[in-house]
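Have the sequence and the 3D view open as you read.

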Amino acid sequence: MTDKKNNSQHAEAKPTKGIIDSPDSVTKESKPASKTGVITGAVAILLTLGLGAGLYYHSHQQNQIQQQVMATLQAQLQEQKDTQQSLRLQLSENNQTIASQLKQTTQQVTDIKESEKLTNSQLETVQLAIANLKMRNPNEWMLAEAEYLIRIAGRKIALEQDVDTSLALLSSASRRLTQLNDPSLLPLRKVIEQDIATLTKLPRIDHDGLALKLAIQAEEVDNLVLAGLTRPDIIKTDKELSSNSSDWKENLTKSWQSFSANFITIRRQDNSVDALLSPQTAWYLTENLKTQLLQAELAVYRQDQAKFKLTLKTANAWIKRYYDVNQPATKAMLTTLDTLKETTITTTYPSKLNSAALIQTTIRDRKINSLANNTGAE
């Protein structure tokens, strides 16, 4: 900058001298000026090159710094991603651990509740046992006896359909309760009487008797006579001629009867005639008829009304079709089967007695009340 200022001062001073000095002096002074311009241009070029190099170096340094920063940021980002993945895995493990602990806690709570229920049940059982031990008066024993009779009556009617025995047991239980003379047992006695009335309305069906009748009819099948062709009985007549001449009329009659008997024979048959059964077919017919009667017997025990009627109807039809209905044994069997066919073998029995549950509840309540009274008194 100083050189430029000196040069400008010289340039400003030269015109003044040029006006005073001669032309030769002007020519001599222009040569140093051109050298100065060259030097100035070179300096400017050098400055430009230095400035460009400095700018390039500066940009290169900045680029390297940016690359380092980018690498650092990418490393930090990857590290954050790894940290997040690790946190996710740790969170998942924590969730599984928490879920497992929650499940274990739930199971423990369930076990505790079950244990409490079991403990309460055991406690109640112990309390009832204590009450049962303290209740030693005859009235409570009679109530327990009535409960036993009602329970047996329920089993008799449900499993064996034995109405009469169940009625007898219920009546005996009712008498036990009557002997107690306890007004609080009146609702129980009322339910027992209702059960007795329900059983009394049920029809009495002698299944064993029906089965025995059918078994007897199956045995009687062998005594039935198969239907077939019947020939008239041969009447023996005296065809010998007398040697006495006075018996000529009788001899003539005998001769005519002998001639006409061998010449033309006429017999009248009003009923339809079926072909005779072979011995093997007759045996199969007899066994099948027995099977039908045995199936009817089985239907009695199973209380299958439809099967019972169908087998008896089939047996009746076979007897009328293949056996001689004029024989006494056949008539008797047909009459018996017709009677049995109209018999009702099914009925609806109650599955349980209403008094059974009520008497158990009554006994349990009385024991609990007795235990509470004894505990309060102590």
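Where does Ser174 sit? Ser174 belongs to helix α4. With a relative accessible area of 9%, Ser174 is buried; here buried means under 20% relative accessible area, exposed means over 50%, and partly exposed is in between, using a 1.4 Å probe and protein chains only. Setting aside neighbours within four places in sequence, Ser174 contacts Ile192 and Glu193, where a contact is a pair of heavy atoms within 4.5 Å.

Some ground rules before going on. This is a predicted model, in which local features need pLDDT of at least 70 and side-chain atom pairs count only at pLDDT 80 or more, while totals for chains, interfaces and linings use all residues. Residues are numbered from 1 along each chain as its sequence is written, and side-chain values use heavy atoms, with hydrogens and water left out.

**The overall picture**

The chain has eleven helices and zero strands. Helices (H or I, at least four residues) and strands (E, at least two) are DSSP runs, numbered from the N terminus. Of the 378 residues in the chain, 20% are buried. Among contacts with a separation of 6 or more, 75% join residues 24 or more positions apart.

**Two nonpolar cores**

A nonpolar core is a set of buried Ala, Val, Leu, Ile, Met, Phe, Trp, Tyr and Cys residues joined through side-chain atoms within 4.5 Å. The largest one has 24 residues, and those with the most contacts inside it are Leu143, Val163, Leu170, Leu177, Leu188, Leu199 and Ile359. The elements giving two or more residues to this core are α3 (138-160), α4 (163-180), α5 (186-200) and α11 (354-377). Apart from it lies another core, of 22 residues, including Val300, Ile319, Tyr323 and Met333.

Leu199 is a handy one to click on. Not counting residues up to four places away in sequence, Leu199 touches Ile157, Val163, Ser166, Leu167, Leu170, Arg204, Pro350 and Leu353.

**Residues in the loops**

Arg204 is in the loop between α5 and α6 (207-220). Its relative accessibility is 43%, so Arg204 counts as partly exposed. Leaving out neighbours within four places, Arg204 is in contact with Val163, Asp164, Leu167 and Leu199.

Two other loop residues have a positive phi without being glycine. Gln161, in the loop between α3 and α4, has a phi near 50 degrees and is partly exposed at 29% relative accessible area. Asn181, in the loop between α4 and α5, has a phi of about 55 degrees and is exposed at 70%.

Axes are lines fitted to C-alpha atoms, for helices over the stretch in contact, and angles run from 0 to 180 degrees between N-to-C directions.

| Helix pair | Axes come within | Crossing angle |
|---|---|---|
| α8 (residues 279-302) and α9 (residues 305-322) | 8 Å | roughly 155 degrees |
| α9 and α10 (residues 328-341) | 10 Å | roughly 160 degrees |

Angles under 35 degrees count as roughly parallel, over 145 as roughly antiparallel, 65 to 115 as roughly perpendicular and the rest as oblique. By that scale α8 and α9 are therefore roughly antiparallel. The contact draws on residues of α8 including Leu285, Leu289, Leu293 and Val300, and on residues of α9 including Phe308, Leu312, Trp318 and Tyr322. Sorted by class, this contact has twelve nonpolar, five polar and one charged residues. Ala, Val, Leu, Ile, Met, Phe, Trp, Tyr, Cys and Pro count as nonpolar, Asp, Glu, Lys and Arg as charged, and the others, Gly among them, as polar.

α9 and α10 are therefore roughly antiparallel as well. Among the residues in their contact are Phe308, Lys313 and Ile319 of α9 and Met333, Leu337 and Lys341 of α10. The classes here divide into eight nonpolar, two polar and five charged.

Is Lys313 buried or exposed? Lys313, in helix α9, is exposed, with a relative accessible area of 56%. The C-alpha atoms of Lys313 and Lys341 are separated by 7.5 Å, although the two are 28 residues apart along the chain.
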